[in-house]
Amino acid sequence: MGFVILAVIIIAFIIVISNISVVQQSRAYVIERLGAFHQVWGVGLHFKVPFIDRIARRVSMKEQVLDYPPQPVITKDNVTMQIDTVVYFQITDPKLYCYGVEQPMMAMETLTATTLRNIIGDLELDQTLTSRDVINTKMRAILDEATDPWGIKVNRVELKNILPPSDIQNSMEKQMKAERERRQAIIQAEGQKKSAILIAEGEKESAILRADAEKQAAILRAEAEKQSAILRADGEAQAILAVQKAMADSLALLNEKAPNDSVLKLKSIEAMQKIADGKATKIIIPSQMQGLVGMVNGIVESVKE
């Protein structure tokens, strides 16, 4: 009898221990009682009634990632491409997640594929390749609204990769190569244009500087010639004044000595010689001086003999 009681106590203890559950952080348990939803257990220690309550589903409340394989999608201009999508979601209501839809992950994958086909079907190839942000935003809004009754919140949707057909890829690569070559040619032409402009501007500045230098040199030469002419004129004027003064002094001395006509005629001849200065070819001698000249010549010849 005592053994039976001990066995019953041990079995009861095991049953009690097995029905005690500890819910970890970022997790939730959906509890059913007699097959119907009873409650959701949050973080902490919980006890379920043996043989009446059961844990229907253990749900992770963390953000999760679903990476779907590439899906064939046809664009508006009838180009078939492969697009793989990544969806970031989080379960916000464990009850709706448990009872809202059967196999939620499969349902999300199917919904993502159909939504992607609908969006890409309204876009052409070039728009698809350049409008990833627009596609991501539209898909996130549609999926978030559609999965709200399932207790799921879609945080982000990203197009992981877009793979056009190989022939289109080759055409795109050729187009990109041609575009790069065109841009390179434009850059080279702009560089040559700027270089030519700079060279022309340099030559212009150099010509202006040379012209200014020549102008300054001409001005300096003119100033030097002007100063030289002024100095020569001053020298000649002073020389003339000196000669005139000497002649005046000579005449004054002659007047003081009261010279006769012969002396005066002789001085006139000397003055005529100075006037000629060896440069004149002809000298006109007044008639009254011719006799004096003949006398002078006779004296000179007699001296020579």
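Modeller: Helices (H or I, at least four residues) and strands (E, at least two) are DSSP runs, numbered from the N terminus. Asparagine 78 is found in the loop between E7 and E8. This is a predicted model, in which local features need pLDDT of at least 70 and side-chain atom pairs count only at pLDDT 80 or more, while totals for chains, interfaces and linings use all residues. Residues are numbered from 1 along each chain as its sequence is written, and side-chain values use heavy atoms, with hydrogens and water left out.

Colleague: Why is asparagine 78 called exposed?

Modeller: Buried means under 20% relative accessible area, exposed over 50%, and partly exposed in between (1.4 Å probe, protein chains only). The relative accessibility of asparagine 78 is 64%, so this residue counts as exposed.

Colleague: Why is glutamine 103 called partly exposed?

Modeller: Glutamine 103 has 45% relative accessibility, and therefore counts as partly exposed. This residue is found in the loop between helix H2 (94-99) and H3. Glutamine 103 also has a positive phi, of about 55°, although it is not a glycine.

Colleague: What makes glutamine 71 count as buried?

Modeller: The value for glutamine 71 is 16% relative accessibility, so the residue counts as buried. Its place is in strand E7. With contact meaning heavy atoms within 4.5 Å, glutamine 71 touches Met81, Gln82, Ile83, Ala113 and Arg117, not counting residues up to four places away in sequence. In the protein of 305 residues, 21% count as buried.

Colleague: How do you know that E7 and E8 pair?

Modeller: Two strands pair if DSSP finds at least two bridges between them. Strand E7 (residues 71-74) is joined to E8 by four bridges, and the two run antiparallel. Within this pairing, isoleucine 74 stands opposite threonine 80.

Colleague: Which other strands pair with E8, and over how many bridges?

Modeller: Strand E6 (residues 63-67) pairs with strand E8 (residues 80-91) in the antiparallel sense over five bridges, with glutamate 63 opposite glutamine 90. Strand E9 (residues 152-163) is also antiparallel to E8, over 10 bridges. There, threonine 85 stands opposite leucine 159.

Colleague: What makes E3 and E5 edge strands?

Modeller: The open sheet has three strands in the order E3-E2-E5, with antiparallel pairing. Strand E3 (36-41) and strand E5 (53-60) each pair on one side only. Seven bridges join strand E2 (residues 27-33) to E5, and the bridge partner of valine 30 in E5 is arginine 57.

Colleague: What is the volume of the largest cavity, and which residues line this cavity?

Modeller: On a 1 Å grid over the protein atoms alone, a cavity is a set of points where a 1.4 Å probe fits but cannot get out; lining residues have an atom within 4 Å of a point. Grid points are joined across faces, edges and corners, and a volume is the space filled by probe spheres set on the points. The search of the whole structure finds one cavity of 30 Å³ or more, and the largest cavity has a volume of about 30 Å³. Tyr68, Gln71, Thr85, Glu109, Thr112, Ala113 and Leu116 line it. Helix H3 (residues 104-121) gives the most to this lining, with four residues.

Note on methods: On a 1 Å grid over the protein atoms alone, a cavity is a set of points where a 1.4 Å probe fits but cannot get out, and a pocket is an open set with protein on both sides within 12 Å along at least five of seven lines; lining residues have an atom within 4 Å of a point.
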